[in-house]
Amino acid sequence: MQKKVSGTRDILPEEALFWQELEKISRDIFTRYNYKEIRTPLIEGASLFNRSLGESTEIVQKQMFLIKNKEELYALRPEGTASIVRAYIENNLDKTARFRKFYYFGPMFRLERPQKGRLRQFHHIGCEAIGSLDPDLDVEVIALADSLLKAFSVKDYKIKINSLGSLKDKKELIALLNKKLKSKLSALCADCKTRFKKNILRILDCKNDNCLKVISGLEIDDSYLCLQSREHFSRVKAGLDALSINYEVTPYLVRGLDYYTHTVFEIVHKDLGAQDALGAGGRYDNLVKELGGPEAGAIGFAFGVERLLLVRSPESVAKSKNILYLITLGQEAKTEGLKLLEELRKNEVACEADYESKSLKGALRAANDLNAGKVLIIGENELKKGVVTLKDMVSGAQKEIARQALIKELKC
Ligand code: HAM
């Protein structure tokens, strides 16, 4: 038997209902916040991610699905932000309106070791607002993430926020870490020893017990932030307070991608285990310029759809569609039924029929299994009288209805 690739999943029809529901809710809410959908290719030039996420990040170092074709190196996109910034620049979107808001759904690919909540093909629901440095936009974006989670019926999540400051402040933080960690290198895990040379900020994310001990003793406060960065972060916090959004300032939250500056945030859920981030995001004020575009501050976030589905509360189970089930008895009724199905569907009535030549009892059972609210029966008797029998599957009541009056009856 042929098997799926490790770290990928089949989304079977029943589960697909949840996905449709999540997408529908997201579209409604993104639209309320004036975000417009964008769809970018699944493959990009690999250099796009090297330049934006950073050469020394774990994604670029170890997790990209690369495809070599002649001299070109492509990558299956590991995330959406870089592609959207590329599209914003390449399509001159800034020329018609500098400030743009985009939302997106779609698969992302990372060559990780699969475990609960960690896949090689997973999906993002995300958004990017490009063209503003206003801290109120950070507030709006975090509020939007919070609204989405509420609308998805996710409970007990925590919003963690931090500020990395400007590029200059970030360099200051890196220098500070360098100074403080130099003498403690021997106590760090092997990965962190490498991170010390290549990507020192990532040490603050390490979950190794020894590293955690070292990190907790670092005593780094926010003194690496300049006055302006501090002011930006204060306004973000004040805005969140004004909207009564619960958050926790988490000093060592740094995020794993190089493009972040100023506000970064992560939304975690206790039921997710080791991979506890439901979603994450932050500002990336230098990325548009670095990729060849104009000066344009930006912020966004992405939720991992598979992780959202792991923590949704049971009452949010998608309601099954109220479908009508048609049972025909005999070939003549079957032909009539075929015409009726088409007519019903043209009139926006969702319906299904028995294609397995079941007995009446078997077909009623199938209707039940399908959660059909109503069943239509056409047999010899009904054909002769020009009627159909309509059975309500909840009350069990049934009545004959003239064939011509059926659509009107079903619509009221
Ligand atoms: P990220 O933190 O790499 O950020 O991914 C966002 C979310 O995707 C994570 O919080 C997690 O829920 C989910 N996720 C990541 N990797 C996996 C995986 N291997 N399996 C399942 N789920 C996963 C970004 O990608 C940024 N582009 C977010 C952003 C948008 N920042 C600004 N704008």
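This is a predicted model: local features need pLDDT of at least 70, side-chain atom pairs count only at pLDDT 80 or more; totals for chains, interfaces and linings use all residues.
Contact here means heavy atoms within 4.5 Å. Residues are numbered from 1 along each chain as its sequence is written, and side-chain values use heavy atoms, with hydrogens and water left out.

Let me start with a helix on a sheet. Helix α2, residues 46–53, lies across β2, β3 and β4 and runs at about 70° to β2. Two terms there. Helices (H or I, at least four residues) and strands (E, at least two) are DSSP runs, numbered from the N terminus. Axes are lines fitted to C-alpha atoms, for helices over the stretch in contact, and angles run from 0 to 180 degrees between N-to-C directions.

The 3 strands form an open sheet, ordered β2-β4-β3, with antiparallel pairing. Two strands pair if DSSP finds at least two bridges between them. At the edges are β2 (43–45) and β3 (65–69), and each pairs on one side only. On average, neighbouring strands in this sheet are turned by 35° against each other, direction ignored. Between β3 and β4, residues 72–76, there are 5 bridges, and the two run antiparallel. One example: F65 has L76 in β4 as its bridge partner.

Next, the other sheet. This one is open too, with 5 strands in the order β13-β12-β14-β15-β16 and mixed pairing. Strand β14 (residues 374–378) and strand β15 (residues 387–392) run antiparallel, joined by 4 bridges. L376 stands opposite L390 in β15.

Two helices lie across this sheet. Helix α13, residues 331–346, lies across β12 (324–328), β13, β14 and β15, at about 160° to β12. Helix α14, residues 360–369, lies across β12, β14 and β15, at about 170° to β12.

On to the ligand. Which residues come nearest? Of the 27 residues around the ligand, the nearest are E79, E112, E128, R255 and Y260. A residue counts as near if one of its heavy atoms lies within 4 Å. Now the polar contacts, meaning pairs of N or O atoms within 3.5 Å; within protein, one must be able to donate a hydrogen and the other to accept it, and residues adjacent in sequence count only if both atoms are side-chain atoms. T81 has a polar side-chain atom 2.9 Å from a ligand nitrogen. For E128, a side-chain N or O atom is 2.8 Å from a nitrogen atom of the ligand. For Y260, the distance from a polar side-chain atom to a ligand nitrogen is 2.6 Å.

Elements giving two or more residues to the shell are β6 (121–130), β10 (277–283) and β11 (298–304). β10 gives the most, with 6 residues.

Last, K36. K36 sits in strand β1, residues 36–37. Leaving aside neighbours within four places in sequence, K36 is in contact with K101, F102 and Y103. From K36 to Q404 it is 368 residues in sequence, and 44 Å in space, C-alpha to C-alpha.
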